[in-house]
Amino acid sequence: MGATTDIIGLVEDPRFRDHRGPDGHPERPARLDAIDSVLALHRPNFRVLEPRPAEDDELLRVHTREHLEVVSEAASRAPTQIDADTYVCAQSHEVARLAAGSTIDLALAVADGQVRQGIASVRPPGHHAEAQGPMGFCLFNNVALAVRALETEHRVERILVLDWDVHHGNGTQHSFENSPSVLYASTHQFPFYPGTGAATEAGIERGLGATLNVPLPPGCGDEEYVGALQRLVAPAARAFQPQMILVSCGFDAHAEDPLASMQVTGPGFGHMSAIVRELAEDLCDGRLVFVLEGGYAESGLRAGMQALVSDLIDRPLPPPATEVPPGSALASVIGAVSEVHAGHFPGLGQA
Ligand SMILES: [Zn+2]
C-alpha cells in the first residue's frame, strides 16, 4: 500500500446515462445529472479516472457464465426486461461492464494510494445482482466485483462493505456470506424489497458472524441511522480491523425518496459519511470508496452527495454519540442485532 494523497478519485462518464429504460422508470439517467450538479462545485478536489469495461474473467469472479450470457443476450434483443424491475436497452451491457470495470479500477487506485478516497458515480447499480442473475435494477454487482479484485490483485485480506442503501443488498450478502474476510454490514428498511436482511442472517459456515444486518422499521431517520452506525457498525468494524472500506452508497433512505419510507436528511448523510471516514482513518489509512447504488429523488441525490463530498473535503468532527431512548426503534434494533452477534462482536451497542 503506497502513500496517500488528499485527492478524491472520481468515476463518472456521460456513457453511464446511456442505460435507459421505459419512461417513468425510477432508475433513470437524470439521477446522474442531480449528482453532477454537486460534483461540478468541487472539481479541484477530484481526479477523474478513465472508465474501462470489465473483462469476462473479472465478472466471473462473482457471476456465472450464464449470467454474462443473459445480459449480453438481453441487450441484443433490447429493449427488454430481465425481471419485473430490471430493464435492458441496447447499450446496457456495455454500460454495465463500464460501471463494473471502473469501480474495480477505482478500488485498486485507492488500495494503491494513488488517491485517498473514491467516489463511483455509476449506473446501473449493483447490490441486488446475484451470482447467477441480474435483479432489482442491477446487472453486475459492482461492489462485489471490486472486493474480488482487491482480494485477487491486491491481496487485501479484510474488507468492510457497508451498504447503507435503503434496500438490503442481497447479491452482495450472498457473494460473501461464507467468507470470514469480508464483513458485510447493511442498514435497510425491513421488511421491504428484496425480502432478505433479517438480523438473524449473520453469515454461514466460515463466514458466520461476518454478515451484520441492521433491519430498520419504516420511518427511521438521522438518529436511527447514525445510532446504528455508531453502536453496531463501528464497534464491529473496530473488532474486524478492515484494510479497506467500500460503501454501497444509496441515497434512497432520504426523506423525499419515492420508493422507500425513511426520513434521512442531507446533514444525516453527512454524519454517516463522517462516521465511516473516521473509521477508515483510524483503521485503514483512510482507504474508503463510495459506490452509487440507489436514490430516486433528485433532491435526495443532491443533498446526500453534497453532504458526502463536503465531509470528505472538510473533514468535520463526527457527530456526538446518539442517545438510545428505552423502548425506541433504535433500542429495539440494537438489542436484536447485539444478541445475534454477541459471540462475534462482544462490544455491540456501545458508542
Ligand atoms: Zn435501494
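Trainee: At what angle do the axes of helix α7 and helix α10 cross?

Mentor: First, a word on the source: this is a predicted model, in which local features need pLDDT of at least 70, side-chain atom pairs count only at pLDDT 80 or more, and totals for chains, interfaces and linings use all residues. Residues are numbered from 1 along each chain as its sequence is written. Helices (H or I, at least four residues) are DSSP runs, numbered from the N terminus. Axes are lines fitted to C-alpha atoms, for helices over the stretch in contact, and angles run from 0 to 180 degrees between N-to-C directions. Here, the axes of α7 (residues 222-240) and α10 (residues 329-340) cross at roughly 30° and come within 10 Å. Angles under 35 degrees count as roughly parallel, over 145 as roughly antiparallel, 65 to 115 as roughly perpendicular and the rest as oblique. The helices α7 and α10 are therefore roughly parallel to each other.

Trainee: Which residues of α7 and α10 make the contact?

Mentor: Two residues are in contact if their C-beta atoms, placed from the backbone, lie within 7 Å. From α7 come E223, E224, G227, A228, R231 and L232, and from α10 come A329, L330, V333, I334 and V337.

Trainee: How does the angle between α3 and α4 read?

Mentor: Helix α3 (residues 65-76) packs against α4 at about 140°, and their axes are 8 Å apart. That makes α3 oblique to α4. The contact joins V71, S72 and A75 of α3 to S92, H93 and A96 of α4.

Trainee: Is P318 buried or exposed?

Mentor: A residue is buried if 20 or more other C-beta atoms lie within 10 Å of its own, exposed if 12 or fewer, and partly exposed in between. P318 has 21 C-beta neighbours inside 10 Å and therefore counts as buried. P318 is placed in the loop between α9 (298-314) and α10. Neighbours within four places in sequence aside, P318 is in contact with A274, I275 and E278. The C-alpha atoms of P318 and I275 are separated by 5.6 Å, although the two residues are 43 residues apart along the chain.

Trainee: Which residues touch the most other members of the largest nonpolar core?

Mentor: A nonpolar core is a set of buried Ala, Val, Leu, Ile, Met, Phe, Trp, Tyr and Cys residues joined through C-beta atoms within 7 Å. In the largest one, of 114 residues, they are A107, I245 and L246. Helix α4 (residues 92-112) gives this core its largest share, 11 residues.

How values were computed
Helices (H or I, at least four residues) and strands (E, at least two) are DSSP runs, numbered from the N terminus.
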